[in-house]
Amino acid sequence: MKLEGEHVFNGPREDVWEMFYDPAILASAVPGMDKLDVVAENVYEGVMNVRIGPVSGKFQGKLTLTDVVEPENLTLTVDGKGVGKVNFTQNPDGTTTLKYDGDMNIGGALASVGQRMIDSVAKSMIRSAFETLDKALEARLAAKKTGTEVNFTPPTQTEFAAGVAKDMVGGFTKVPELRLILYILPVVTILVILALVLGK
Amino acid sequence: MATAAPKAKVMGYLPNDTPPFGQMLLLGLQHVLTMFPATVLAAILMKFPVSTVLTITGLGTVVALVGAKLAMGKYIPLYYGSSFSYIAAVSAVMAAKGVTGAVAPPEVISVATAGFIATGVINIVVGIIIRASGGKEAVDKVLPPVVTGSVAVTIGIGLGAAALQMATGTFSSVFDINALTNLKWITASTITLLAAFILSVYLQGKGFIGMLPILLAAIVGYVVSIPLGLVDFSTFGKEALLRAPQISFPVFNDPLTLTVLVGVGIMAIATIPESTAHLYQISLYVDHLAEEQGKEKYNLSRYIGLNLMLDGLNDLVNGLFGSTAGTNYGENNSLMVITRNYSGPSLITAGIISILLGFIGPLAEAVQSIPTAVSGGLAIYLFGVIGMQGVALMMAEKVNLYDPKQLAIGATVLVIGIGGNIGFSGGFLPIPLFTGVFPYGWPAIATGAVVGILMNLLTLFWKPPMERAAATK
């Protein structure tokens with residue numbers, strides 16, 4: 001599955017990079033990420049639980065960062081699962097654009113739920129991750145300003161699940177066949193009522 | 001006409017284009033003229049009132065086009081006329097109900113149209129299944145071309161006896177050859193058949209007129225029938241200039257209802273490959289024009305499931321208001337290709353014109369006065385064409401008729417369907433099982449289709465050794 005897109009962070013590139021490089025923050029941003037341990041420099045080991053409806057999948061894997069050019073870009077490799085390039089650009093207005101472009105292989109029970117479902121869950125996960133990172137960045141920048149402790153709590157699994165559900169409902173009404181059903185049902189109902197009334 | 005317009009830039013209308021009003025009216029009229037012969041003929045052959053069929057098929061077309069636009073933001077440019085695939089099944093209902101006149105009484109039509117509700121539902125369900133299973137492959141597994149092609153052959157050739165009875169004026173296979181006085185009748189039908197043959201062969205490729213051989217042949221036959229005394233002018237002048245078409249609603253409490261639901265409903269499988277083929281065809285041409293005009297492609301062929309759902313929706317509209325089940329018309333596809341006008345709004349205009357035509361009394365009278373001999377002459381040709389299209393489908397899909405599996409499935413479908421439809425009264429097989437569902441016997445064509453599907457399913461679960469060997473290689 002191809003994953004690409006971009007996100008604008010409301011903060012300077014150095015801070016975004018720093019945050020991104022902090023395994024604790026990254027782990028908290030990815031929904032279902034149970035832990036992310038540092039094994040060696042730029043090598044992490046993580047356990048991730050993804051649940052889509054009744055099907056769940058547990059991923060355990062090594063995460064390696066390569067091509068690290070601080071604070072511009074890095075390449076994330078999840079062994080056997082995929083690879084993704086991340087690129088940071090400083091914008092003139094003080095914000096930072098993060099671009100990502102990657103490929104992922106999904107196998108096992110999760111793959112059986114269908115590509116469309118996985119797509120929409122993946123999109124939800126990414127969106128949710130960025131929302132969390134936005135908040136984390138805000139908290140970090142505020143803490144930096146006042147010199148106090150970082151005060152930040154990641155969202156719970158329930159909040160994430162609600163987000164996914166919302167995205168999927170939104171996605172469903174974009175499926176032409178489902179929209180057609182939403183058209184057929186009232187049209188046929190009206191016609192049947194018309195037929196019943198006229199038939200009397 | 002769009003073809004006559006200056007060719008300064010790439011001329012033509014894409015599905016979402018709206019031509020100027022005057023052009024749209026003309027383009028719409030052209031569509032109506034194109035769908036008219038087949039739609040009217042199907043109505044006559046099924047003994048449905050022509051006015052109702054014109055009005056409701058027009059309405060069904062509008063409802064389906066609007067549905068496509070709302071669902072996916074673009075029109076699927078297809079016109080939904082009445083389908084020939086249901087003639088055999090509906091004729092059986094008419095025979096069982098003892099209909100003798102040219103138009104069946106409303107209470108009989110109400111029994112038959114219940115079956116169109118079933119086909120509508122089947123089309124919608126198959127459309128959803130195709131969408132959910134992610135493609136046409138799943139449907140091809142359950143409904144392979146050898147089944148759908150053979151069923152189409154059955155529908156066409158199974159009507160062979162009916163066509164000949166109409167053409168000879170016998171209406172029964174029991175007759176006394178010395179008592180026949182139908183030579184005039186046979187003359188009219190033979191001339192009509194000959195005209196249809198010559199016009200369709202020699203007008204081919206001659207522009208718009210080349211698309212109307214059946215309409216022209218009917219006119220030739222009609223004119224010839226006048227001196228032969230076959231046209232009944234006494235029916236003229238009885239209807240008001242403007243009057244509402246007869247509307248009848250389906251009933252589900254008749255002893256025949258279950259037979260109709262199965263017998264008529266299952267004919268949907270014959271229209272599925274046809275409808276899909278039309279979608280592929282029009283998609284190709286629409287994208288070609290889009291490319292020429294430097295616009296975004298429509299990629300309509302992706303929407304196989306949606307297209308079938310629209311077919312089903314159109315059937316529901318027709319079934320609910322006493323018209324015949326429909327199908328999208330290849331004739332109108334050809335018209336669109338020739339005129340390079342794929343505009344959805346002009347098809348909606350055509351639908352509205354057709355709705356209004358149903359309100360014109362004298363038009364219905366004129367159509368209804370077409371002698372049965374003329375319809376019979378056309379039927380020999382057109383029913384045969386349905387059968388030949390089934391053969392064409394199998395050839396196009398390269399069905400291997402040397403494979404005992406395909407051979408056996410096709411053979412069984414053909415004999416049960418054709419033999420049963422021609423050999424037994426009303427096309428009902430004398431099988432005294434499930435008499436609650438089938439009080440008159442089992443509808444032959446539907447039985448043949450179901451047997452074919454079951455035979456194919458058996459080979460899916462219990463793979464023939466040759467296929468297993470090929471799969472493991």
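The pLDDT is the predictor's confidence in each residue, on a scale from 0 to 100. The model shown here is a predicted one, and chain A averages a pLDDT of 75, with 72% of the residues scoring at least 70. Among the elements of chain A, two mark the ends of the range of mean pLDDT, as the table shows.

| Helix of chain A | Residues | Mean pLDDT |
|---|---|---|
| H3, the lowest | 108–111 | 59 |
| H6, the highest | 176–199 | 89 |

In chain B, helix H2 covers residues 50–72, and 20 of its 23 residues are buried, so that the helix is mostly covered. At 1.5 Å a residue, H2(B) should span 33 Å, and this agrees with its end C-alpha atoms, which are 33 Å apart. Just after H2(B), the residue B:Gly73 takes a positive phi of about 80°.

Two packed helices are described by the angle between their axes and the distance between the axes. The axes of H2(B) and of H12(B), residues 304–320, come within 9 Å and cross at roughly 145°, and the crossing is right-handed. Residues that make this contact include B:Gly60, B:Ala64 and B:Ala68 of H2(B), together with B:Leu310, B:Leu313 and B:Val317 of H12(B). The residues of the contact divide into 11 nonpolar, 6 polar and no charged.

Between the chains, 13 residues of chain A are in contact with 18 residues of chain B. On the side of chain A that touches chain B, the residues divide into 10 nonpolar, 1 polar and 2 charged.

Notes. Residues are numbered from 1 along each chain as its sequence is written. Chains are lettered from A and ligands numbered from 1 in the order in which they are written. This is a predicted model: local features need pLDDT of at least 70, side-chain atom pairs count only at pLDDT 80 or more; totals for chains, interfaces and linings use all residues. Two residues are in contact if their C-beta atoms, placed from the backbone, lie within 7 Å. Ala, Val, Leu, Ile, Met, Phe, Trp, Tyr, Cys and Pro count as nonpolar, Asp, Glu, Lys and Arg as charged, and the others, Gly among them, as polar. Axes are lines fitted to C-alpha atoms, for helices over the stretch in contact, and angles run from 0 to 180 degrees between N-to-C directions. Helices (H or I, at least four residues) and strands (E, at least two) are DSSP runs, numbered from the N terminus. A crossing is left-handed if the near helix is turned anticlockwise from the far one by less than a right angle, and right-handed if clockwise. The expected span of a helix is 1.5 Å times one less than its number of residues. A residue is buried if 20 or more other C-beta atoms lie within 10 Å of its own, exposed if 12 or fewer, and partly exposed in between; C-beta atoms are placed from the backbone.
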